[in-house]
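Please consider the sequence and the model shown here.

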Amino acid sequence: MFCHVLPSFCCDWRHVGSLELSSLAWFKILEDGNHMCSRSCTCSFGFLGLRTCQIRFACVAVAMAADMLANTRVGFIGAGQMAEAIARGLDKAGVVPANKMCASDVNVGRMKVFESLGTSVCSSNTKLAETSNVLILAVKPQVAEKVVTDMKPSLSKDHLLVSIAAGIPISKLQDWAGEARIVRVMPNVACMVGETAAGMSLGKTATPADSDLVTTMFESVGKIHVVDEKLLNAVTGVSGSGPAYIFMAIEALADGGVAAGLTRDVAMSLAAQTVLGSAKMVLETKKHPGELKDMVTSPAGTTIAGIRELEDRGFRSALINAVVAGAKRGEEMSKY
């Protein structure tokens, strides 16, 4: 059961003093039976390592978020791999259990995959709208208009439509969906391993509660940031297309290892683990990548020799230009 509490001295319910937690982490902590909260809203924080500290709480945001999740039924319009990854993440994290999810897809094989997860399947998108209040649009962009407009008579202001279809602006989604509230999300392929880097933008009728709900949902499969819709193409350039650039870098590092004498499997493992470890250092130390680079770079050493080669061949500018080109292409596609 959720402990419906909020630190009264914090303007953001996810911050307690110097302790920062994601909303998903808060849900997990508040479900933990290692602490008790009285109806007078005084809570002991021994589980955070604060021995005798007691903090007075106001019962506000967490109660609202808990109630919102309790009443959430998620419907997937399209049951492809990205939809599957989100469904698995929601269930695994305990945010939305599989038995409160439903999916609809023309591909019978994909429907069977969702059934194997413990979700129900719907024979039509109209039926999906009848049984779900949060709908995740996970179809190919070229069929999105027909899919949503066909559903329009079944959609109301009580529905939240979360689109992960690339390149479709909120204005078009709103026209197609009528009164439904719209949130547009740009996840990436790493959603499939629970490490997505996503951006989201809210439609005009979407509420702060909608924002909190979508944030909690996507934090079950990685990280998500709220941005203005005009910046979603930049998100596409960095994190939407970014995995392809990193895959190329891993492949190139491995090729270099093979050229230097390593076997392919060892070189690939070393390259992939190097990228993983480096990313974790950036995220966990909060240090600037340049500072971390300098930690590795000794005077007249091997690393500076390699960096010089990268600089001579425009490594930085190539990545910068790739991001800008991807963002520009995303903007062009949104105008079609």
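Two strands are said to pair if DSSP finds at least two bridges between them. Strands (E, at least two residues) and helices (H or I, at least four) are DSSP runs, numbered from the N terminus. This is a predicted model, in which local features need pLDDT of at least 70 and side-chain atom pairs count only at pLDDT 80 or more, while totals for chains, interfaces and linings use all residues. Residues are numbered from 1 along each chain as its sequence is written, and side-chain values use heavy atoms, with hydrogens and water left out.

The sheet is an open one of 8 strands with mixed pairing, in the order E7-E6-E5-E8-E9-E10-E11-E12. Its edges are strand E7 (120-121) and strand E12 (222-226), each of which pairs on one side only.

A residue is called buried under 20% relative accessible area, exposed over 50%, and partly exposed in between (1.4 Å probe, protein chains only). Because 6 of the 6 residues of E10 are buried, this strand is largely enclosed by the rest of the structure. The cover extends to both faces: Arg181, Val183 and Val185 are buried on one side, and Ile182, Arg184 and Met186 on the other.

On one flank, E10 pairs with strand E9 (residues 160-163) in the parallel sense over 4 bridges; here Leu161 has Ile182 as its bridge partner in E10. The chain passes from E9 through helix H7 (residues 170-177) to E10, a β-α-β crossover that is right-handed. This term applies if, with the strands pointing away from the viewer, the path from the first strand over the helix to the second runs clockwise.

E10 also pairs with strand E11 (residues 196-202), in the antiparallel sense and over 4 bridges. In this pairing, Gly199 of E11 is the bridge partner of Met186. E11 in turn pairs with E12 in the parallel sense over 5 bridges, and Ala197 stands opposite Lys223 in E12.

Thr236, which lies in helix H9 (residues 232-240), touches Met186 and Ser241, not counting residues up to four places away in sequence; contact means heavy atoms within 4.5 Å. With 18% relative accessibility, Thr236 counts as buried.

What is the place of Met192? This residue is in the loop between E10 and E11, and at 40% relative accessibility Met192 counts as partly exposed.
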